[in-house]
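I open this notebook to keep a record of what I looked up, entry by entry, and of what I found each time.

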Amino acid sequence: MPLEVEIPVKEVQRYMGYHGIVDIDPDMQARIGKAIDQVSIQSHPRVISKEYRITVAEKTVTLHADGEDVTFESEGLVRNLNGCCGAVLLAATIGPACDMLVRRAGITSAAEASIYQAAGAAAIEAFLDDYNDKLKASYEARGLFLRPRFSPGYGDLKLDHQKDWFRLLDITKQIGIELTDSLLMVPTKSVTAIIGIGIDESKQGCSGCKGCNKHATCEFSKERD
């Protein structure tokens, strides 16, 4: 199944490092367009999500799962989920095709491979944004409001918590993503995240790259000039 959501050209350019650059060579524009088309057509997106009850304390968030409590120590996550009593845990991937396209392009051109890498990164985010919008509409119909998604490795939430996501959602069996010993996901264009559920629309928590304590130095930050 193709991606079925638009991959924004500007997001691909951002992942390529084009910060504040308006005029891009026509040949490069064509190469970016080709990569977007190939990633979109060959993607096989899959997603799994599950709702849990949570407790937010001063410096921790505890997720209450069946038969176990999982505690996340993260001030950034606490700020994001403050006022929430529930959360959605999710995992998503666009499948292995992008990794194959990157490897194939890399045989002849590292630059070409980087374009496909950027297109894949923009693709999984576009897919998740679309899924997020559908979740948001579903919860708002029930008088509930969602916070921005927050992922392991983002801000001060340790990447080691990937193991919790994989255990709780049975991600490998359900949607085919594998977790390596170094906590990287395969296919690489995959994402895990938590989304808070609250009853107060005015409390949105932190959002965007400025909610991360690494945004000032991150080369992919959306808030950089």
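I keep in mind here that the model is a predicted one. Is Asp164 buried or exposed? Its relative accessibility is 12%, and because buried means under 20%, Asp164 counts as buried. Leaving out residues up to four places away in sequence, I noted that Asp164 touches Val70 and Phe72.

Entry two, the whole chain. I then stepped back and counted the secondary structure of the protein chain, which comes to seven helices and eight strands. Of the 225 residues in the protein chain, 47% are buried. I also looked up how far along the sequence the contacts reach: among those between residues at least 6 apart, 72% join residues at least 24 apart.

Arg46 belongs to strand β1, which I have down as residues 46-56. With 37% relative accessibility, Arg46 counts as partly exposed. Which residues is Arg46 in contact with, once its neighbours within four places in sequence are left aside? I listed Ala91, Ala92 and Thr93, then Phe127, and then Gln174, Ile175 and Gly176. I also checked Ile94, which is 48 residues from Arg46 along the chain, and found the C-alpha atoms of the two separated by 6.4 Å.

I compared helix α2 (residues 26-42) with helix α5 (residues 110-140), and their axes come within 9 Å and cross at roughly 50°. The two helices are therefore oblique to each other, and α2 passes α5 in a right-handed crossing. From α2, the residues that meet α5 are Met28, Arg31, Ile32, Lys34, Ala35, Ile36, Gln38 and Val39, and their partners in α5 are Ala111, Glu112, Ile115, Tyr116, Ala119, Gly120 and Ala123. Sorted by class, this contact of α2 with α5 holds ten nonpolar, two polar and three charged residues.

Next I took helix α4 (residues 97-106), whose axis comes within 7 Å of that of α5, with a crossing at roughly 165°. An angle over 145 degrees counts as roughly antiparallel, so α4 is roughly antiparallel to α5. This crossing, too, I recorded as right-handed. On the α4 side I wrote down Cys98, Leu101, Val102, Ala105 and Gly106, which meet Glu112, Ala113, Tyr116, Gln117 and Gly120 in α5. The residues of the contact of α4 with α5 divide into six nonpolar, three polar and one charged.

Entry six, what is buried in α4. The buried residues of α4 are Ala97, Cys98, Asp99, Leu101, Val102 and Ala105, and what covers them includes α2 and α5. For Cys98 I looked up the value itself, a relative accessible area of 3%, and it is buried.

How many disulfides does a search of the whole structure find? I noted zero. For Cys84 I asked why: its sulfur lies 7.4 Å from the closest cysteine sulfur, that of Cys85, which is too far for a bond, because a disulfide needs the two sulfur atoms within 2.5 Å. Cys84 counts as buried, at 7% relative accessibility.

Methods:
Residues are numbered from 1 along each chain as its sequence is written. This is a predicted model: local features need pLDDT of at least 70, side-chain atom pairs count only at pLDDT 80 or more; totals for chains, interfaces and linings use all residues. Side-chain values use heavy atoms; hydrogens and water are left out. Axes are lines fitted to C-alpha atoms, for helices over the stretch in contact, and angles run from 0 to 180 degrees between N-to-C directions. Helices (H or I, at least four residues) and strands (E, at least two) are DSSP runs, numbered from the N terminus. Angles under 35 degrees count as roughly parallel, over 145 as roughly antiparallel, 65 to 115 as roughly perpendicular and the rest as oblique. A crossing is left-handed if the near helix is turned anticlockwise from the far one by less than a right angle, and right-handed if clockwise. Contact means heavy atoms within 4.5 Å. Ala, Val, Leu, Ile, Met, Phe, Trp, Tyr, Cys and Pro count as nonpolar, Asp, Glu, Lys and Arg as charged, and the others, Gly among them, as polar. Buried means under 20% relative accessible area, exposed over 50%, partly exposed in between (1.4 Å probe, protein chains only).
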